[in-house]
Amino acid sequence: EEAFLKEQQAEVMVLFSNELYSLVPKAYFNEENASEYLKYNTRILETDYVAQDELAEGKMVNVYIPYTNINNFFFDRYGEFEYRHTVSVLAEEFLIQNRFQTEGTRVYLNCFPGGYDLL
């Protein structure tokens, strides 16, 4: 129903904003067991696809479940496209802003209708 979704786009980036994610230190991350990092935070179905975004600045990996039906819609409409989780984008930006900070602890709160992310 959205007019802009019917237009042809040169580049498409989809950002998922859901609670189906977990930030994992890269040193402890094993791609073969990606779903294991989520099982304590969310209910995982056998049909769920587990994706990950690597955060270079923080040496972390964000493991998350993107919505397959949304990805299928965008693939059918535009072909190849990129997708990430909003927490990956937020964490990277916060890490970049603080890469020269050597002292103190930083806490970031991202509030949105119906929830928040605490980094």
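Reader: In which segment is Leu 119 found?

Author: Leu 119 is found in the segment after strand 7 (115-118). A strand is a DSSP run of E with at least two residues and a helix a run of H or I with at least four, both numbered from the N terminus. This is a predicted model, in which local features need pLDDT of at least 70, side-chain atom pairs count only at pLDDT 80 or more, and totals for chains, interfaces and linings use all residues. Residues are numbered from 1 along each chain as its sequence is written, and side-chain values use heavy atoms, with hydrogens and water left out.

Reader: Is Leu 119 buried, partly exposed or exposed, and how do you know?

Author: Buried means under 20% relative accessible area, exposed over 50%, and partly exposed in between, with a 1.4 Å probe and protein chains only. Leu 119 has 25%, so it falls in the middle class and is partly exposed.

Reader: Which residues is Leu 119 in contact with, leaving aside its neighbours within four places in sequence?

Author: Contact means heavy atoms within 4.5 Å. With those neighbours left aside, Leu 119 is in contact with Leu 23, Val 87, Leu 90, Ala 91, Phe 94, Arg 106, Val 107 and Tyr 108. Leu 90 is 29 residues away along the chain, and its C-alpha atom is 8.7 Å from that of Leu 119.

Reader: How many aromatic pairs does the structure hold?

Author: It holds 8. Rings of Phe, Tyr and Trp (its six-membered ring) pair if their centres lie within 6.5 Å; planes under 30 degrees apart count as stacked, over 60 as edge-to-face and the rest as tilted.

Reader: Why is the pair of Phe 16 and Tyr 67 called edge-to-face?

Author: The ring centres are 6.0 Å apart and the planes stand at 70 degrees. The distance is within the limit and the angle is over 60, so the pair is edge-to-face. Phe 16 lies in strand 1 and Tyr 67 in the loop between strand 4 (60-64) and helix 2, so the pair ties together parts 51 residues apart in sequence. Phe 16, at 3% relative accessible area, is buried, whereas Tyr 67, at 35%, is partly exposed.

Reader: What kind of pair do Phe 73 and Phe 74 form?

Author: Their centres are 5.2 Å apart and their planes are at 90 degrees, which is again edge-to-face. Phe 73 is partly exposed at 32%, and Phe 74 counts as buried at 15%. Ring pairs link Phe 16, Tyr 67, Phe 73, Phe 74, Tyr 78, Phe 81 and Tyr 83 into a cluster.

Reader: Which residues make up the largest nonpolar core?

Author: A nonpolar core is a set of buried Ala, Val, Leu, Ile, Met, Phe, Trp, Tyr and Cys residues joined through side-chain atoms within 4.5 Å. The largest has 11 residues: Leu 5, Val 12, Val 14, Phe 16, Tyr 21, Ala 51, Tyr 64, Phe 74, Tyr 78, Phe 81 and Val 87. Strand 1 (13-16) and helix 2 (68-78) are the elements that give two or more residues to it. Apart from this core lies another, of 10 residues, including Phe 29, Ala 34, Val 50 and Val 63.

Reader: How much of the chain is buried?

Author: Buried residues make up 34% of the 119 residues. The chain has 3 helices and 7 strands, in the order α-β-β-β-β-α-β-α-β-β from the N terminus.
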